[in-house]
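The sequence and the structure come first, and the notes follow by topic.

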Amino acid sequence: MKVLGLEFASSNLNYVAIIGSSDSYRIETSSRISLGGTRDRDALVAFQDAVNTLLNDVAPDVLAIKEKPETGKMRAGAASLKMEGIILANASCPVVFISGQRLNQTADKAPALVSYLQPALKVAVVAMNQQTE
């Protein structure tokens, strides 16, 4: 099984793709994609093109997104919501949302990954575990 874990941080999309099973997995690819502007059509199209390239290259079985609150305290910003909309519109596989509370229950970490990619890894691992339960 291949899972692509995504986390939105400001105007960046951090991602980690893992392949394997709940017992054992390896990191296939990881990086970030930046959204240049939330009201610039060219920036949104460039982001969409980058997302399509990522989805085609990785070809995940499941797309897992770290859930952002839409209302209330600590709610998601405009960039996060626009990036999420682009992802959902272009996904060709099942999409699951993983809450921050659920992420805190996993201790998975990859020392080789930079710290800002760790939440995306956790999202992918939690989603993989849910799919194999």
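Accessible areas here come from the Shrake-Rupley method with a 1.4 Å probe. On that basis the chain exposes about 7,100 Å², and carbon and sulfur atoms supply 46% of this area. The model is a predicted one.

**Overall fold**

- The chain contains four helices and five strands.
- Read from the N terminus, the order of these elements is β-β-β-α-β-α-β-α-α.
- The chain is as compact as a globular protein of its length, because its radius of gyration is 14 Å, close to the 14 Å that the globule rule gives for 133 residues.
- Along the principal axes, the C-alpha atoms occupy a box of roughly 45 × 35 × 25 Å.
- Of the 133 residues in the chain, 39% are buried.
- Of the contacts between residues at least 6 apart in sequence, 62% join residues at least 24 apart.

**Charged side chains**

- The chain carries 13 positive and 13 negative side chains, and the centres of these two sets lie 8 Å apart.
- Side chains of opposite charge can pair when their charged atoms come close.
- A search of the whole structure finds two salt bridges.

**The salt bridge between E28 and K2**

- E28 pairs with K2 in a salt bridge, in which the closest N and O atoms are 3.4 Å apart.
- E28 belongs to strand β3 (residues 25-34) and K2 to strand β1, so the pair ties together parts that are 26 residues apart in sequence.
- E28 has a relative accessibility of 31% and therefore counts as partly exposed.
- K2 has a relative accessible area of 15% and is therefore buried, since the cut-off for buried residues is under 20%.

**The salt bridge between E7 and K66**

- The side chains of E7 and K66 form a salt bridge, with an N to O distance of 3.9 Å.
- This pair links distant parts of the chain, with E7 in strand β1 and K66 in strand β4 (residues 62-66), 59 residues apart.
- Strand β1, in which E7 lies, spans residues 2-9.
- E7 counts as buried because its relative accessibility is 10%.
- K66 has a relative accessible area of 25% and is therefore partly exposed.
- Leaving aside residues up to four places away in sequence, E7 touches N12, L13, N14, K66, Y116, P119 and A120.

**Positive phi angles in loops**

- S10 is a residue other than glycine with a positive phi, and the value is near 60°.
- S10 sits in the loop between β1 and β2 (12-20).
- S10 is exposed because its relative accessible area is 59%, and exposed means over 50%.
- A59, which is not a glycine, also has a positive phi, of about 50°.
- A59 is located in the loop between α1 (41-58) and β4.
- A59 is partly exposed, with a relative accessible area of 45%.

Notes. Residues numbered from 1 in each chain as written. Predicted model: local features only at pLDDT ≥ 70, side-chain atom pairs only at ≥ 80, totals over all residues. Heavy atoms only, no water. Helix = DSSP H or I, 4+ residues; strand = E, 2+ residues; numbered from the N terminus. Rg over C-alpha atoms; globule rule 2.2 N^0.38 Å. Buried < 20%, exposed > 50% of the residue type's maximum accessible area, 1.4 Å probe, protein only. Contact = heavy atoms within 4.5 Å. Lys, Arg positive; Asp, Glu negative; His and termini not counted. Charge placed at Lys NZ, Arg CZ, Asp CG, Glu CD. Salt bridge = Lys/Arg side-chain N within 4 Å of Asp/Glu carboxyl O.
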